[in-house]
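Here's a quick look at how one chain is put together. Have the viewer ready and follow along.

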Amino acid sequence: PEGSRVHCGLAYLFVYKNQLAKAGEHAGASLDASVHIGDVRGQADSHNVLGLVAYYGGQLEQAGQHFEQALGLYRQVGDLPRIAKACNNVGDCCRRLGHMERAAAHLSEGVDVAHRIGDTRDESILQQTRAELLLDQGRWEEAITHLTQALSLAEQSGMAERVIEVRLILGLAHESLGQLD
């Protein structure tokens, strides 16, 4: 299990350094090791990072498949914080692929889980992604409601990056409604 987790950690580091080929190699090694020893949590983590590699590599369908597998495995082990994160990843992929109803269902589940466990950071990103889904559908005012909630949650969690992202999207939503102030 330790070897799998080290490979998985390295995969995440290489994703964030935008070295996707190396990230994919380590994520694959992590998945192989986790499957070999029957470590369900390790398999879930490996699929999650493989999803990120595919996502940032522009392969949304493949990313969605990995995120779906990660979500199923996190459900199997009952890891609520990671279920919330995985719901966001699946929901965002579905949104970008135009599967709006599936996206909404996953995002709603994720918000419910994050709220239930008191995770304001993940609830914020889920509300942000939910708002982006509404913006894609031209539902500006509903999106603004979710973005306002996301902003409050982001501020509570102290995540400066999230606050900045939400404010940017909130500004764009107001601009789309002609609310330039």
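## Ground rules

This is a predicted model, where local features need pLDDT of at least 70, side-chain atom pairs count only at pLDDT 80 or more, and totals for chains, interfaces and linings use all residues. Numbering starts from 1 along each chain as its sequence is written, and side-chain values use heavy atoms, with hydrogens and water left out.

## The chain as a whole

The chain has 9 helices and 0 strands, so read from the N terminus the elements go α-α-α-α-α-α-α-α-α, with helices (H or I, at least four residues) and strands (E, at least two) taken as DSSP runs numbered from the N terminus. The C-alpha trace spans about 55 × 30 × 30 Å along its principal axes.

For 181 residues, a compact globule would have a radius of gyration near 16 Å, and the chain's 17 Å agrees with that. That radius is taken over C-alpha atoms, and the globule rule is 2.2 Å times the number of residues to the power 0.38.

## Helix 5 against helix 7

Two packed helices are described by the angle between their axes and the distance between the axes. For helix 5 (residues 80-96) and helix 7 (residues 120-136), the axes come within 10 Å and cross at roughly 15°; the axes are lines fitted to C-alpha atoms over the stretch in contact, and angles run from 0 to 180 degrees between N-to-C directions. The two helices are therefore roughly parallel, the word for angles under 35 degrees.

Who touches whom? Helix 5 brings Pro81, Ala84, Lys85, Cys87, Asn88, Asp92 and Arg95, while helix 7 answers with Arg121, Asp122, Ile125, Leu126, Thr129, Glu132, Leu133 and Asp136.

## Helix 4 against helix 6

Helix 4 (residues 60-77) packs on helix 6 (residues 100-117) at an angle of about 35°, their axes 14 Å apart. Glu68, Leu71 and Arg75 in helix 4 meet Arg102, His106 and Glu109 in helix 6.

## A look at Glu61

Glu61 sits in helix 4 and, with 57% relative accessibility, counts as exposed. Glu61 and Cys93 are 32 residues apart in sequence but 7.5 Å apart in space, C-alpha to C-alpha.

Technical notes. Parallel < 35°, antiparallel > 145°, perpendicular 65-115°, else oblique. Contact = heavy atoms within 4.5 Å. Buried < 20%, exposed > 50% of the residue type's maximum accessible area, 1.4 Å probe, protein only.
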